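Subject: A structure for you to look at

Hi,

Here is the structure I promised to pass on to you. Have a look at it first, and then read on for what I found in it.

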Amino acid sequence: MSNALRYDALLVRDLARELHERLADARLDAAFLDRDSLRVILLTRASRRDAPAPPSLLWQLHPESGHLTTPPGGGAWQGRVQLGTPTRIARIHAPPDERLIMLELTTLDAPAGAARRIIIELVTNQWNAIAVGADDRITAVLRERRQRGLRAGAAYEPPAQSARVGAATMVTADEWHAALGGVPPGERLPALQRAIAYTSALNAPFIIGDADVHGDTDALERARLRYEQLVWTNDRAPALLKLDGRLQPYSRPEPAAAELTTTLLEAFARAAAESAATPVPDDAKDRALATLAQRLDAVERRARRLRAQQAGARDEAEHLRAHADLLLAQLHRVKRGAASAVLDDFSGGSITIELDPALDGAANAGQLYGAARKRERAAARIPALLRSGEKERARLQSLLERVRAGTATAEELSRAQPRTQEKAAGRGAAALPYREYRTSGGLEVRVGRGARANDELTFRHSSPSDIWLHARDAAGAHVILRWNRPDENPPAAAITEAAGLAAWHSRARTSSVVAVDWTRRKYVRKPRRSAPGLVVPERVRTLFVEPDGAAEERMRAES
């Protein structure tokens, strides 16, 4: 049995009205679009001392949930949305006959990239949340939808507007009979949902009633009066409906209320409580326990590897810096063109230092100092990765304990193994020709997996406005920085991070500095009969970056 709630335009409209009454003018202290758990968290407080305390919200937009509750205290949420200071909720509304809830925000100080709207999309199984800035560009998104262009940096385009009769004003008797009068009984139920605003599978059977059995005008007129009473009355009566063995919050008690509630938020809270109490089958527990154990082991192995890298990077940096100090102190003993030099160690012995014959002693020392700094920077980035891994380990451990105790819900078990389910669903499908990364600003970066994959990535898995990058004069991966604004370039930091990936995924990875060419993908062409991966870029610009394995790992973790 699915625990997923259902949203229709009527429920969304009335829920938006209730949220506006409760949250208008409230201060929004923080907002999170947590991709791992598919949750939206809005933390609020009263903007004035004499104002009633507004509810903070936790919206569970997992396909098997949909519950709207109050977030627990002390939650470790990911995906913080950038806001201005201070930010208030000015208005909450739903467009006519749409399953969208829009939170309009106002702020005194809104830095570039700050959200001015948060949009909750509740369309069938495409539940999503999008933060949009003042320029209507997406600043953050819960679930990327490439076919709709829902990704950071893209212009937000809402779903197509409803064309059903009665979206903005009440349906007239003439419109009602024109839409349904010519439809024979037995076919009026689906015709009602296609033609008349705010109708859905939740309320259409109640509305149409015996008009889908009898063809007389009176039956159809009684259906119209039921529709007006249900959709256009101002007397809201939130209720819990009993549907398929579960509780469904709804804004009207028809067709069959299990129980009336004071508010819709109360109805959602009670439905969530019932869902949490739903027993989970033993086989689902066994699968979840096995998957969680594997994921915990992977997280712990990665933490051990990072700690070893951290210690090794520091030791190696100290070793390289000591050699550089010796070189500078004994330059007179370094012969030009020599591949090595035997120098006196500060401890009283001697030591042999490998040199680059093309450089003099001072330049060799400078190269060693540069390599030491590179390893120190790599070591400095590792604590953030370790903290992120510790949060993930704690989350998985907590869920594992709840599964063992039998208190985990079906929804939590479903979230426990999303990667396993995705692999099973995609079995037999062609693998993508690229690896996915994400910049610190949230932009997607694609890195080709080989020569033939490079061609496929560049010419089949990118758009003309995307940024194409490649290490100059070195074999390596094509890199695509996703960007859909033809009239402006991505942030310089994003291009630099993508260039770092191009350097790392090239044969120049061991160099201290790598030249990386970049241009718009539309300026890259493939000569006829050229070898796989060989292209000719035009209007090229060049960046000089350091290949950085720690940065590559961080960007892979972000994705």
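Alanine 131 sits opposite alanine 140, a residue of strand β9. Please keep in mind from here on that this is a predicted model. The two strands that meet at this spot are β8, residues 128-133, and β9, residues 138-141; they pair in the antiparallel sense, over three bridges. Together β8 and β9 form a hairpin, with four residues between them. In the turn you will find aspartate 136, which has a positive phi of about 65°.

In case strand pairing is new to you: strands of a sheet pair through backbone hydrogen bonds, either parallel or antiparallel.

Next, try to find the open sheet of six strands. Its order is β15-β16-β18-β17-β19-β22, and the pairing is antiparallel. From one strand to the next, the twist averages 25°.

For one of the pairings in this sheet, look at strand β19, residues 514-520: five bridges join β19 to β22, and the two run antiparallel. Here valine 516 stands opposite leucine 543 of β22.

Two helices lie across strands of this sheet. Helix α11, residues 451-460, lies across β15, β16 (444-448), β17 (467-471) and β18 (479-481). Its direction makes an angle of about 145° with β16. Helix α12, residues 492-504, lies across β15, β16, β17, β18, β19 and β22, and runs at about 70° to β22.

Now for the protein as a whole. How many helices and strands does the protein have? There are 13 helices and 22 strands. Along the principal axes, the C-alpha atoms fill a box of roughly 110 × 60 × 50 Å. The protein has 559 residues, and 47% of them count as buried. Its accessible surface is about 27300 Å², with 50% of that belonging to carbon and sulfur atoms.

If you count the contacts with a separation of 6 or more, 58% are between residues 24 or more positions apart. As for charges, the protein has 83 positive and 71 negative ones, and their mean positions are 5 Å apart.

Enjoy exploring, and write back with any questions!

Best wishes

Terms used: Residues are numbered from 1 along each chain as its sequence is written. This is a predicted model: local features need pLDDT of at least 70, side-chain atom pairs count only at pLDDT 80 or more; totals for chains, interfaces and linings use all residues. Side-chain values use heavy atoms; hydrogens and water are left out. Buried means under 20% relative accessible area, exposed over 50%, partly exposed in between (1.4 Å probe, protein chains only). Contact means heavy atoms within 4.5 Å. Accessible areas come from the Shrake-Rupley method with a 1.4 Å probe; for residues, only the protein chains shown count as cover. Lys and Arg count as positive and Asp and Glu as negative; His and the chain ends are not counted. The place of a charge is taken as NZ of Lys, CZ of Arg, CG of Asp or CD of Glu. Two strands pair if DSSP finds at least two bridges between them. Axes are lines fitted to C-alpha atoms, for helices over the stretch in contact, and angles run from 0 to 180 degrees between N-to-C directions.
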